[in-house]
Amino acid sequence: MGMIVIGSSGCASLGTFNPATGRNELLLISTYQEVALGQEVHQTLSEQYQLSTDSAKNARLQRLGQQMASVSDRQDYQYTFFLVDEDQLNAFTTPGGRIYVFTGLMDRLTDEQLASVLAHEIGHCAAKHTAKKYQSALGYNLIGSLVLGQIASDSARQLASISSGAIMQLVSSSYSRRDEYEADRLAVKYMQRAGYDPKAVIGAFEVLKANSGGSQIPLILRSHPYLDDRITAVKQQIATGSVQP
Ligand SMILES: [Zn+2]
């Protein structure tokens, strides 16, 4: 639930302050509900995707993932990283700090570039873009019912019209342009906090661009569009140093 925050100016504004965005935000679903929703979504995803059993690749993802998670503005849940065993350029985030990276993307990136992709996804978590996206698509009442276990069976879920197809569509649906710029800004900030060169954010974009030739648009670009504009914005942020915490 949101709370009323009385600022020093005496003005009341609705919501809680989010250090990632610098704004007061009203989010209806609680952290507990968001984590439970992420577990529900994972059920569907684990039916659709094969998770990698490669221990070296998983260790690389966990090491870089936890390193970037440790510098996130949001620490009210545990971040979890999953490696999907598919040769696709893709990565996405679901509620509750669950980040999925595809081997096809990870294998093409250096450690620093992979850290920057993870920092971007963690940025979506910290700015609560993911929670808001699911909240507005599914509705607060539905999420509340899910969390209370009132919609448990598959048939009930069908009735509630969250078919696995709808969840898969939501997983790959895009964020707003503003959310993408914000996640990029946070990626640069978290790279700096973790002691990495923030230029790796641009390096990762260049890898995506290089692999986006031909008729096949990488999946990650469907959910994270406007690549050229974002490269320009990130270059500007790094040059002006306007991303310091
Ligand atoms: Zn994004």
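# Asking how we know

Student: Which residues of helix H8 (residues 164–171) are buried?
Tutor: In this predicted model, the buried residues of H8 are Ile167, Met168, Leu170 and Val171.

Student: How do you know that the buried residues of H8 line one face of the helix?
Tutor: Look down the axis of H8: the buried residues fall within an arc of 160°, so they line one face of the helix.

Student: What do the buried residues of H8 pack against?
Tutor: Their partners are helix H1 (31–48), strand E6 (91–94) and helix H5 (129–138).

Student: Let's take H1, then. What makes H1 and H8 roughly perpendicular to each other?
Tutor: Start with the value: the two helices pack at an angle of about 95°, and their axes are 10 Å apart. Angles of 65 to 115 degrees count as roughly perpendicular, and H1 and H8 are therefore described that way.

Student: Which residues of H1 and H8 meet?
Tutor: Val41, Thr44, Leu45 and Gln48 come from H1, while Ser164, Ile167, Met168 and Val171 come from H8. The residues of this contact divide into five nonpolar, three polar and no charged.

Student: Which residues make the contact between H9 and H10?
Tutor: H9 brings Asp184, Ala187, Val188 and Met191, and H10 brings Ala200, Val201 and Phe205. By type, the contact of H9 with H10 has six nonpolar residues, no polar ones and one charged one.

Student: What makes H10 "mostly covered"?
Tutor: Count the buried residues: eight of the 11 residues of H10 are buried. These eight are Ala200, Val201, Ile202, Gly203, Ala204, Phe205, Val207 and Leu208.

Student: Why is Leu227 called buried?
Tutor: Leu227 lies in helix H12. Buried means under 20% relative accessible area, and at 10% relative accessibility Leu227 counts as buried. The C-alpha atoms of Leu227 and Lys209 are separated by 7.8 Å, and these residues are 18 residues apart along the chain.

Student: And how do you know that His129 counts as buried?
Tutor: The cut-off is again under 20%, and His129, in helix H5, has a relative accessibility of 1%, so this residue counts as buried. Leaving aside neighbours within four places in sequence, His129 is in contact with His124, Tyr175, Asp179, Glu182 and Ala183.

Student: How many residues does the largest nonpolar core have?
Tutor: That core has 42 residues, and Met68, Leu118 and Tyr190 are those with the most contacts inside it. Helix H4 gives the largest share, eight residues. As a general point, nonpolar side chains tend to be buried together in soluble globular proteins.

Student: What does Leu118 touch?
Tutor: Not counting residues up to four places away in sequence, Leu118 touches Leu61, Leu64, Gly65, Met68, Phe81, Ile99 and Val101. There is also a second, separate core of 16 residues, including Tyr49, Phe82, Tyr100 and Leu170.

Student: Where does Asp73 lie, and which residues is Asp73 in contact with?
Tutor: Asp73 lies in the loop between H2 and E5. Setting aside neighbours within four places in sequence, its contacts include Pro19, Ala126, Lys189 and Arg193.

Notes:
Residues are numbered from 1 along each chain as its sequence is written. This is a predicted model: local features need pLDDT of at least 70, side-chain atom pairs count only at pLDDT 80 or more; totals for chains, interfaces and linings use all residues. Side-chain values use heavy atoms; hydrogens and water are left out. A nonpolar core is a set of buried Ala, Val, Leu, Ile, Met, Phe, Trp, Tyr and Cys residues joined through side-chain atoms within 4.5 Å. Buried means under 20% relative accessible area, exposed over 50%, partly exposed in between (1.4 Å probe, protein chains only). Helices (H or I, at least four residues) and strands (E, at least two) are DSSP runs, numbered from the N terminus. Contact means heavy atoms within 4.5 Å. The arc is that of the directions from the helix axis to the C-beta atoms. Ala, Val, Leu, Ile, Met, Phe, Trp, Tyr, Cys and Pro count as nonpolar, Asp, Glu, Lys and Arg as charged, and the others, Gly among them, as polar. Axes are lines fitted to C-alpha atoms, for helices over the stretch in contact, and angles run from 0 to 180 degrees between N-to-C directions. Angles under 35 degrees count as roughly parallel, over 145 as roughly antiparallel, 65 to 115 as roughly perpendicular and the rest as oblique.
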